[in-house]
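Hi everyone, thanks for coming.

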Protein chains: 2
Amino acid sequence: MTKAEHPRASGRSPRGGPPAWRGVVWPLLISAVALGALIAVLGFGLGTPEDLPGAASPDATTGGGTHPSETILRVTCALAAVAAVAALGGRLARRLGQPPVIGEIAAGLLLGPSALAGLVPASTEVFFPESARPLLSLLAQVGLILFMFAVGSEFDVAELRRSGRVVGVVSQASMVVPFVLGALSALVVYREFAADGIGFIPFAIFLGTAMSITAFPVLARIVQESGLARRPLGTMAMACAAACDVIAWCTLALAMAVAGSGGPWGAVGTVLLAAAVTVVVLRVGRPLVRAAERWADRAQVPVAARVVFLLLLAFSLARLTDVMGVHAIFGAFLAGLLVPHRPGNRMTAVQTGIDSLNRKLLLPLFFVTVGMTVDLTAVTGRAGLLLAGVLVLVVAVVGKLAGTAVTARSAGLPWRTSLGLGVLLNARGVTEIVVLRAGLEAGLINQNAFTVLVVMAVVTTVMTGPALDLLKLSHRRTSAAPGAETASPVTGDAKEKELV
Amino acid sequence: MTKAEHPRASGRSPRGGPPAWRGVVWPLLISAVALGALIAVLGFGLGTPEDLPGAASPDATTGGGTHPSETILRVTCALAAVAAVAALGGRLARRLGQPPVIGEIAAGLLLGPSALAGLVPASTEVFFPESARPLLSLLAQVGLILFMFAVGSEFDVAELRRSGRVVGVVSQASMVVPFVLGALSALVVYREFAADGIGFIPFAIFLGTAMSITAFPVLARIVQESGLARRPLGTMAMACAAACDVIAWCTLALAMAVAGSGGPWGAVGTVLLAAAVTVVVLRVGRPLVRAAERWADRAQVPVAARVVFLLLLAFSLARLTDVMGVHAIFGAFLAGLLVPHRPGNRMTAVQTGIDSLNRKLLLPLFFVTVGMTVDLTAVTGRAGLLLAGVLVLVVAVVGKLAGTAVTARSAGLPWRTSLGLGVLLNARGVTEIVVLRAGLEAGLINQNAFTVLVVMAVVTTVMTGPALDLLKLSHRRTSAAPGAETASPVTGDAKEKELV
């Protein structure tokens, strides 16, 4: 959806017109009715759970004509319900001046064992019905891979090269300080947070990485909405975030490699293999993909074939890195680097179409999955976990915010700008969630650590907006001016996105 | 894809320029390379079949991070391979002056046990890998439901009402004559063709229906490409085909109802229920859906929400008719009637987008599935089956062609036009395949009957073009004139489609 179609989406709070709550009543009512209808349909027309083998059994989907239509409807209903709840959460978050992803994760938390599923266990049957669960998990994974693919496509290597010395110094410091502090805090929380049987080294590398993440997409959105896109603070923050992204993906891959391979030599082998694959894919793949793209334009290859090509590219590289022992998200990101967004390009138009549907349908499924795996009630009762959580939060904020601000100040920037840069880079948002989920799946952290770190990611993202206001660095009033709409190519891409 | 992007798609044979075979070499070479790469990837990187529980086991997709990326890649590879082979078959068929769907079914036949899978059994592992089969079957079913949804959306009730007395008489005759002949021939082939345990009545109704089918989408395409779209013969054929469609769906539903319910009273109940549901859905549903559409336009509902709405509509009505004991395709068709195509409408744009992707990706999966279930080698060796096949073919052609032509002549049309009408209505194409598959799934006909009837459908469709040429009714030369491009609203919709 373009901006022109949805004028109220552009600001963090509505200016003039009806009060903010009015815009929430309708979506709430519609969602309530839709949910009620869904529950009724699921309960009434679809049969009882015992005669619903669904997708889990191969016989049910291949044989007979009865079961496929049922599985298809159940999966679509669950998808629709999750997408509706996520859209509602995202809309509420935007009204409160927060990035929509916060609302989506909050919606997931509310549906999960922390709230709704804890109180009414039967509600899980609506959002994640037993029979549709394998397919829904698969779709959530597809959503994650396609999201990382889009992040790779939007990653602007040229922009990074253009940025100056200050960006180089600040971005390194804004990675190193929280990384070291995070790795040190691993000494304290290792017993509480590490998954069973994981060594200290990979756990420390992972915790350091988790502390030093900056969410590039969320940052781009915040910069855009604070009217900072064309100011030095905004562009510098974006360049630093891009540099941080690259380093963070490397350290995360290192943690995965060390954890996955039995000993240090295995880790070295995996790292070397990953590096070699990255170089080969980028050096050999880029010209090949570019040639294929040119051929496709000349031969007027239809949209469907381009969709298949992009999906195959993303999924095969994701599978490759998965087989190598680093997570599927790296391959998807690599695949994205092979097909960078180019304005006016036909392939980019197809990519944008895939991405826009993915962000609204499949990616919310991933976030709701994350929210549903987080059980806040398991954490609140235990003092040790709470203390560890507070420590993690303090280390994350101090390391990122103070580390960045002090380095920027000593590089010659004024104090207010330095602090602003620290505040901006402290937003962890989507990227942190993706990293944490990968760490949980790779057996680097346990369920409690996952819960605590998700809360940390949400808190550091939520505090960005108010902190900018506090520093009087937000230029929101001016963002309505037409000039701000056509900011930099980087944010121009991000601005169209509703989610981040 | 629009016509402007693919100029060569408009004619049944290229006019001027390089010879026809030149356009086939490249796609063939590319497909061969792509297939080789696919087989290599599937054999090398994806692991051995024994450690691939895939989508069939719930643990594999929900637990761990390794299996999902594998299932996703396998399904996408199979989808890409099937879509590529189908596109190639469709393109070859077009070069030979045939509707593309003939090429897609032929591709499926060649991949199936009749040819490739019979000679090289391992090839099935590429197109329908064991681990991905449940998901691929599900996707083929989705493709079928979405296709029937599109057929319903394009169905022009108003056009049908406008057509005059001749159309009414001819369409009834062109249904009744082959239906009665088909039902009578059931006396001969019942022993050979009926599935185990099915009564004579439902079998005879089904065989009569199968004989009297006219493929509306294929016909629209043939009319368009023969330059007949704005001539009386073309519009009359289209109106007759639309009327035939309605009657055929009703008799098919009757056959299903009689077969599904134990006795005659059950059948009456099912028929009454189906009729009631149809009336309620159309009477109550149409204004509701129209109101929802208007609200969506006012509230600027994004594309993703519209996609979900349309999918839920199609899948829930498909599920409803499936539960009722008539096939899922009826519900999908009904759902299509609720959201008719309107030029310039936003919902229609979304529907067209879904349909265009579906026709290129998921629907070919359905046709290839059909092709792979057909085993010509099982039929060729048996004299009884061959004789029954010839009988079926003769009855189908004579009933439809002669029945229509004689009625049209006696209604006052000249002989050549009457014969032309008979030839056009004899094309059975896609619709027949869908009906046959439904009959096979509902246990009305056996595997051999399915094979023979598929061959009948292909032959009656293939003969349409040459027969029109023989009657010198084809105005292909004039179809390049600009006037022919903006024919009637019915064919205007169909013209954009590549498949039918």
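Let me start with a question: is Arg382(A) buried, partly exposed or exposed? Keep in mind that what you see is a predicted model. Okay, here it is: Arg382(A) has a relative accessibility of 40%, so it counts as partly exposed.

Now look at who Arg382(A) is paired with. Its side chain meets that of Glu192(A) in a salt bridge, 3.4 Å from N to O. Glu192(A) sits in helix α9 of chain A, while Arg382(A) is in the loop between α17 and α18, so this pair ties together parts that are 190 residues apart in sequence. Glu192(A) is partly exposed as well, because its relative accessibility is 29%.

How many salt bridges are there over all chains? A search of the whole structure comes up with 18.

Let's do another one in chain A. Glu293(A) and Arg290(A) form a salt bridge, and their closest N and O atoms are 3.5 Å apart. These two are three residues apart in helix α13, so about one helical turn separates them. Glu293(A) is buried, at 3% relative accessible area, whereas Arg290(A) is partly exposed, at 25%.

Over to chain B. Here Glu154(B) has a salt bridge with Arg359(B), with 3.7 Å between the closest N and O atoms. That pair links distant parts of the chain: Glu154(B) belongs to helix α7 and Arg359(B) to helix α16, 205 residues apart. Buried means under 20% relative accessible area, so Glu154(B), at 16%, counts as buried. Arg359(B) is buried too, at 5%. Back in chain A, Glu154(A), Asp355(A) and Arg359(A) are linked in a network of salt bridges.

Let's stay with burial for a moment. Why can we call helix α11 of chain B largely enclosed by the rest of the structure? Because ten of its ten residues, 216-225, are buried. Among them are Phe216(B), Leu219(B), Arg221(B) and Glu225(B). Just after that helix, Gly227(B) takes a positive phi of about 70°.

Last stop, the surface. There's a nonpolar patch in chain B with about 830 Å² of accessible area together, including Val176(B), Leu184(B), Val188(B) and Val394(B). Helices α9 and α18 of chain B each give two or more residues to it, and α9(B) gives the most, with seven. Val188(B) is in α9, and at 61% relative accessibility it counts as exposed.

Notes: Residues are numbered from 1 along each chain as its sequence is written. Chains are lettered from A and ligands numbered from 1 in the order in which they are written. This is a predicted model: local features need pLDDT of at least 70, side-chain atom pairs count only at pLDDT 80 or more; totals for chains, interfaces and linings use all residues. Side-chain values use heavy atoms; hydrogens and water are left out. Buried means under 20% relative accessible area, exposed over 50%, partly exposed in between (1.4 Å probe, protein chains only). Helices (H or I, at least four residues) and strands (E, at least two) are DSSP runs, numbered from the N terminus. Patches are made of residues with over 30% relative accessible area and no salt bridge: like charges are joined within 9 Å, nonpolar side chains (Val, Leu, Ile, Met, Phe, Trp, Tyr) within 5 Å. Accessible areas come from the Shrake-Rupley method with a 1.4 Å probe; for residues, only the protein chains shown count as cover. A salt bridge is a side-chain nitrogen of Lys or Arg within 4 Å of a carboxyl oxygen of Asp or Glu.
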